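Reader: I have a model open and want to learn to read its features. Can we start with a sheet?

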Amino acid sequence: MENFKSLTSPLERVHSKKYEITPIKGSLPILYDSIKNQFYLKNEKGLTKLDNQGNVMFFDDLSNEKSYISTLDYNNFIPFVFTSKGVYDFSGEELVFMPFEKKLNIKNELSNSNFKSIFEKNYNSADLVIYGNEIEDETAQFRIFFRVDNKWILLLSKKGDYNQFRYPETFKKNANTTVQIDYSKFSSKFSNKKLIALKDNQRGLYSAKEKDRNLNNYSTIVLKELKLDYKTTNELKMVALKNKSYYGLPDWMNHTFFKLAYFELNYNKEQLFFKGNTIIYNELANEITNKDFYLFELPKDMRDKTKVAFLDVKNYTGIAVDPRTNYLEPQIENTGIFIIKPINKN
């Protein structure tokens, strides 16, 4: 336990000779641009963008954007934020807002033949074609975004056009599918904007596992990332537990122990040590430890481009009544994303 004596709080700055672990503004999903060698994290209604050294290039949560539609279409893994007025493009060196050049079929006014003609013309001309989710109102229309000659066009589908929108087929063995929405017979176009997910190889979880309504269940869908090799010699392990507190819950609930967990991260042949609160509870007479600490890394063949990785940390601090359910629930505070990156020696 000598390595932990200098730590005064669970989530303070941690470092080794070459690497440090520090908090980063953002949350899951964490996505990677393999062409530009850059990272993106969800940031409330916007994105945080990082370079290949883990330095923040810029971020914006777009809190003042009143016509917000979606932080980013997680089904499509792209660096854009869509609003009803236009598109925020995070893919460049600075954030750029581009209003829609045209907004078509907003009131479902197009006939079937006119819609087909307009759709195919824009689809064939566009370098980017992004399919959004259903609008949550009585129109039951879907958003279709085209970028033609660097100008954005919003086209709403015909009302109730559910059968035209589809998700990848999951029953095809070894299918090279992605978590994206497609329009029947017209696949999305991403140009060089497509991002990929990182993975916790120990847990088999991707860095887009957040329970967002736009995300598919990754245990039942074939991801393109499944064909990538995420094997790693880096390892995050819990090395010790220390009693901290005990909560005697009602008889109909299992007893829960809060403990201080000590973690060792072996990363690129260096050791980093940190600690955080976890819970132990009984389930069907078996003692279960919640180890909500995840190490997300790039595929193996991309790690020569950057030494950056991420930790997803959930730090349990107590038990309280959840006002939504009126039940006692574990409280998670100081949770967030931490970045593992080379120490800047300048």
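Author: Strands of a sheet pair through backbone hydrogen bonds, either parallel or antiparallel. Here strand E5 (residues 46-50) pairs with E6 in the antiparallel sense, over four bridges. Two strands count as paired if DSSP finds at least two bridges between them. Helices (H or I, at least four residues) and strands (E, at least two) are DSSP runs, numbered from the N terminus. This is a predicted model: local features need pLDDT of at least 70, side-chain atom pairs count only at pLDDT 80 or more, and totals for chains, interfaces and linings use all residues. Residues are numbered from 1 along each chain as its sequence is written, and side-chain values use heavy atoms, with hydrogens and water left out.

Reader: Which residue in E6 stands opposite lysine 49?

Author: Phenylalanine 58 does. Threonine 48 has phenylalanine 59 as its bridge partner in E6. The E5-E6 hairpin has five residues between the strands, and glycine 54 in the turn has a positive phi of about 85°.

Reader: How many bridges join E4 to E5?

Author: Five, and the two strands run antiparallel. Lysine 42 has leucine 47 as its bridge partner in E5. This hairpin has two residues between the strands, and glutamate 44 takes a positive phi near 55°.

Reader: What is the strand order of the open sheet?

Author: Read it as E6-E5-E4-E3-E16, five strands with antiparallel pairing. The edge strands are E6 (56-60) and E16 (196-197), and each pairs on one side only.

Reader: Why is E5 described as largely enclosed?

Author: Five of its five residues are buried, so E5 is largely enclosed by the rest of the structure. Buried means under 20% relative accessible area, exposed over 50%, and partly exposed in between (1.4 Å probe, protein chains only).

Reader: Now a single residue. Is glutamine 38 buried or exposed?

Author: Glutamine 38 counts as buried, because its relative accessibility is 7%. It lies in strand E4 (residues 38-43). Its side chain makes a polar contact of 3.2 Å with the side chain of lysine 49. A polar contact is a pair of N or O atoms within 3.5 Å; within protein, one must be able to donate a hydrogen and the other to accept it, and residues adjacent in sequence count only if both atoms are side-chain atoms. Leaving aside neighbours within four places in sequence, glutamine 38 has contacts (heavy atoms within 4.5 Å) that include Tyr32, Leu50, Met57 and Glu93.

Reader: How do I read aromatic pairs?

Author: A pair of aromatic rings is described by the distance of the centres and the angle of the planes. Rings of Phe, Tyr and Trp (its six-membered ring) pair if their centres lie within 6.5 Å; planes under 30 degrees apart count as stacked, over 60 as edge-to-face and the rest as tilted. The whole structure holds 22 aromatic pairs. Phenylalanine 82 and phenylalanine 145 are stacked, because their centres are 4.0 Å apart and their planes meet at 15°. Phenylalanine 82 sits in strand E8 (residues 80-83) and phenylalanine 145 in strand E12 (residues 142-148), so the pair links distant parts of the chain, 63 residues apart.

Reader: Which pair is edge-to-face?

Author: One is tyrosine 206 with tyrosine 230, at 6.0 Å centre to centre and 80° between the planes. Both tyrosine 206 and tyrosine 230 are buried.
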